[in-house]
Amino acid sequence: MTKKSEPAATTTTAEPEFQPRPDTHEANNILAEADMNKKPDETDVLTLLRVSQDFAAKAGSKKVITTVPIRNPKRGEFLRVHPTMEPMLVYTLVDEQETFVATASIAINFPGDMIPKLLAPTISRQGTLFLWALRIPGEDGRINNWHASAKEAAGRAVRVWVRVQANMALGAYEVYEAVGAIPDPEWPSLSMDEIVRIAVKGRVIDSLDHPVLQKLRGEV
Amino acid sequence: MNLMGLVRNAFAAVGIVKIWLADFEFRSEPGGLPEPICLVARDLIAGDTVRWWEDDLRRADGPPYGTGADSVLVTYYGSAEVGCHLALGWPVPTNILDLFTEFRVRTNGLRPPDGASLLGALAFFGLPAIGWEQKEAMRMLALRGAPYTPEERAALVSYCETDVTALAELLPTMMPGIDLPRALHRGRYMSAVARMERTGVPVRVDELVRLRRWWDAIPERLIRKIDQSYGVYEGSTFKRERWRSWTEAHNIPWPELPSGLQALDADSFRDMAQMHPEVAEMKELRASLSQLRLADLAVGVDGRNRCMLSAYRAKTGRNQPSTSEFIFGPAVWLRMLMMAPPGYALAYVDWEQQEFGIAAALSGDPAMMFAYNSGDPYLAFAIQAGVAPEGATKNTHGEVREQFKACALAVQYGMGYENLAVRIGQSVAHARRLLDLHRRTYPKFWAWSDAALDYAMLTGALPTVYGWEIHVGGDANPRSLRNHPVQGNGAEMLRLASIFTTEQGIEVCAPVHDALLVMAPIERVDQVVAATQKAMADASKLVLGGFELRSEAKVFAHPDRFTDPRGESMWAKVWEIIEELEQSGDVAQTPAVSRKKE
């Protein structure tokens with residue numbers, strides 16, 4: 001067999017430096033280093049060659065919450081109320097099925113029309129964030145069974161998954177707790193202010209000239 | 001810019017200082033071993049070219065280039081070159097940079113206009129190439145075999161050299177895009193492929209000869225025999241409306257096309273046969289009638305089934321051997337032709353619930369990993385979802401387990417709830433609930449799966465752990481992209497296991513999706529199975545960052561044949577027919593063990 005002459009191992013400075021792809025830098029360096037110290041441990045080399053499969057950390061996406069409804073729980077929906085965020089007291093006015101909120105200084109001009117409610121940040125088992133609008137006792141301190149049972153359910157939902165179901169004969173909501181080890185919800189990283197801001201976007205009554213109030217006064 | 005300097009520096013960075021480009025011309029009969037005809041090799045740095053004819057090759061005790069850690073052999077589809085090394089008794093190169101593989105990974109998921117052949121790659125980069133006609137003429141000349149005139153010899157060597165010249169053009173052009181450490185890892189698999197192709201799968205040649213002799217007379221009788229249970233054929237014609245009646249009578253909800261007709265493709269039959277065993281025999285019959293070309297099953301004179309494994313051909317990076325040449329084709333019953341030679345045993349070693357395990361480990365979903373480690377992930381899923389109680393078993397909650405198994409598999413294949421409903425024979429609402437339970441039970445898996453799709457769409461590519469990328473083309477399919485990390489990493493795992501086993505000297509007959517078929521002397525088979533299982537465990541830990549997948553082994557010691565319950569009934573019926581034919585005294589077709597391809 002004819003043996004061919006061996007090529008020179010060194011490179012000249014005039015030649016361009018090879019620029020490996022960014023994700024191969026580390027592996028290249030380790031391989032070169034390992035080679036200098038004789039045969040590298042195969043497991044180490046193969047471990048180093050691994051490309052991370054944590055796609056979210058490399059270039060993923062995150063959900064941006066742009067809508068937070070103000071509503072009551074839906075039929076059959078299991079939900080939890082945020083354990084630490086304080087519910088926010090607002091005055092609400094429903095116009096054409098849209099809930100508007102007003103400040104106390106505005107609401108005081110429309111007793112009976114503006115209903116004070118506590119907005120409790122709530123999440124369904126399907127991960128839908130909403131504000132549960134809970135009635136509070138009236139000036140006389142009285143509260144009907146519907147509202148009382150809803151408040152009771154919200155209190156329980158701080159600790160466990162619950163669903164509420166209207167029982168007309170009873171005149172109140174019945175509360176069902178989930179049994180079994182259902183994991184706690186993953187709450188979006190939003191503050192209460194941010195949640196409310198998203199929820200009431202474009203539906204804040206902050207002036208007596210607001211079109212909804214003009215309509216209420218019969219001016220429009 | 002001095003491209004040659006760039007190439008040298010790139011290799012020097014990983015400790016390689018000798019770069020050779022090489023190409024063999026060889027011939028082989030279907031199922032046979034390669035017989036090298038000539039070799040052209042070029043020292044890229046010194047520029048020297050070696051041209052060896054067959055007699056030079058036989059005289060040499062090794063290649064004209066180094067095969068150690070400081071050398072690299074640059075090839076285009078390198079398993080062929082390594083196959084020639086093995087045929088010549090030469091050492092296998094430590095480092096292979098296979099430009100076919102690198103072209104595939106660079107264009108995977110896209111459609112290079114001229115394909116992934118050497119000429120296709122040259123055209124892709126706008127490099128000069130010989131014409132297709134000339135290449136084909138030379139290929140045919142090589143296949144024809146000796147004797148060659150001096151002019152033919154010169155033409156073959158000259159043609160071989162054009163491929164080496166093409167490699168010299170292609171290498172510096174492709175080098176800036178090559179992820180070299182991982183490319184060398186991919187090249188290493190080409191050696192494993194060559195070793196597996198050389199080992200081949202032992203089959204009962206006497207039975208194959210009888211099968212081939214009578215095959216032309218078998219289908220009609222087979223239809224009559226099998227259709228007794230179905231009543232859907234009219235002569236040799238499969239009647240759609242009768243199949244609809246049969247499925248309705250057996251309460252099997254069959255998938256339909258948008259037109260309302262039943263889907264009668266091979267995949268639908270395969271899927272439905274998994275869920276409804278009573279469909280299995282019809283699936284086997286249809287696969288045999290439509291896809292089985294016995295003459296193409298590549299069996300060499302030594303009784304081994306061998307074909308090109310076609311490494312890296314599938315988008316997932318899996319092998320894609322010809323379904324008609326490879327014994328692990330769609331007709332499962334034919335696999336029962338496999339039998340180890342006297343004194344030997346075959347062992348089929350496969351990972352248990354490989355795809356579930358990969359999804360669990362790579363997503364880092366703790367509940368899913370717990371389910372895998374329970375040993376029965378499908379039942380564990382049902383328990384975790386609160387549908388089966390703690391302590392439930394396959395016996396107490398078999399039906400629930402089947403539904404959750406179908407759901408877990410549906411998720412792996414990206415199936416929607418409508419198709420799942422059909423597969424499990426339940427309402428769409430029920431299927432929707434099952435998939436919803438999967439999302440709730442394994443939220444971290446779903447977040448990871450969503451992120452994989454986002455990553456692919458944002459960056460244009462999605463890599464496996466060793467960098468097998470799928471690129472996002474204009475017709476990207478979100479379902480395939482989402483599925484890529486599981487399928488592609490499954491392929492990585494099998495490649496690693498193939499490397500580990502073949503380099504230990506284990507005789508690996510074939511890689512099969514999530515399994516290795518190995519062979520060993522009967523007295524050593526337990527030891528070889530243990531070594532194979534260790535290699536598979538090591539491969540799983542490397543791919544999955546430390547998470548180990550279980551494997552199981554089935555051993556078939558001579559004279560026991562390889563068996564697969566899915567094909568046993570069909571196998572028995574085929575042999576009943578052959579025996580009837582042999583007793584009838586009919587004139588059979590001419591038998592042939594090995595047929596040359598037309």
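Leaving aside neighbours within four places in sequence, which residues is A:Val162 in contact with? They are A:Phe78, A:Leu79, A:Ala153, A:Arg156, A:Ala157, A:Val175, A:Tyr176 and A:Glu177, where contact means that the C-beta atoms, placed from the backbone, lie within 7 Å.

Some ground rules: this is a predicted model, where local features need pLDDT of at least 70, side-chain atom pairs count only at pLDDT 80 or more, and totals for chains, interfaces and linings use all residues. Residues are numbered from 1 along each chain as its sequence is written, while chains are lettered from A and ligands numbered from 1 in the order in which they are written.

Back to A:Val162, which sits in strand β7 (residues 162-167) of chain A. Helices (H or I, at least four residues) and strands (E, at least two) are DSSP runs, numbered from the N terminus. A:Val162 is buried because 23 other C-beta atoms lie within 10 Å. The cut-offs for that are 20 or more other C-beta atoms within 10 Å for buried, 12 or fewer for exposed, and partly exposed in between.

**Cores**

A nonpolar core here is a set of buried Ala, Val, Leu, Ile, Met, Phe, Trp, Tyr and Cys residues joined through C-beta atoms within 7 Å. The largest one has 188 residues, and B:Val74, B:Leu99, B:Leu346 and B:Val518 touch the most other members. Skipping residues up to four places away in sequence, B:Val74 touches B:Ile19, B:Trp20, B:Leu21, B:Leu97, B:Leu99, B:Leu167 and B:Leu171. There's also a second, separate core of 34 residues, with A:Ala102, A:Ile123, A:Trp161 and A:Leu213 among them.

**Helix pairs**

Axes are lines fitted to C-alpha atoms, for helices over the stretch in contact, with angles running from 0 to 180 degrees between N-to-C directions. In chain B, helix α17 (residues 398-412) and helix α19 (residues 428-441) have axes that come within 10 Å and cross at roughly 70°. That angle makes α17(B) roughly perpendicular to α19(B), given that under 35 degrees is roughly parallel, over 145 roughly antiparallel, 65 to 115 roughly perpendicular and the rest oblique. On the α17(B) side the contact uses B:Gln403, B:Cys407, B:Ala408 and B:Val411, and on the α19(B) side B:Leu434, B:Leu435 and B:His438.

The axes of helix α10 (residues 218-227) and helix α23 (residues 568-584), both of chain B, also come within 10 Å, crossing at roughly 125°. So α10(B) is oblique to α23(B). Here B:Ile218, B:Arg221, B:Leu222, B:Lys225 and B:Ile226 of α10(B) meet B:Lys573, B:Val574 and B:Ile577 of α23(B).

Most residues other than glycine have a negative phi, and most peptide bonds are trans. These are the exceptions to look at:

| Site | Feature | Value |
|---|---|---|
| B:Ala146 to B:Pro147 | cis peptide bond | omega about 0° |
| B:His558 to B:Pro559 | cis peptide bond | omega near 15° |
| A:Glu96 | positive phi | phi about 45° |
| B:Ser310 | positive phi | phi about 55° |

B:Pro147 falls in the loop between α6 (132-144) and α7 (150-174) of chain B, and B:Pro559 in the loop between β15 (551-557) and α23 of chain B. A:Glu96 is in the loop between β3 (88-95) and β4 (98-102) of chain A, and counts as exposed because it has 6 C-beta neighbours inside 10 Å. B:Ser310, with 17 such neighbours inside 10 Å, counts as partly exposed.

Note on methods. Contact = placed C-beta atoms within 7 Å.
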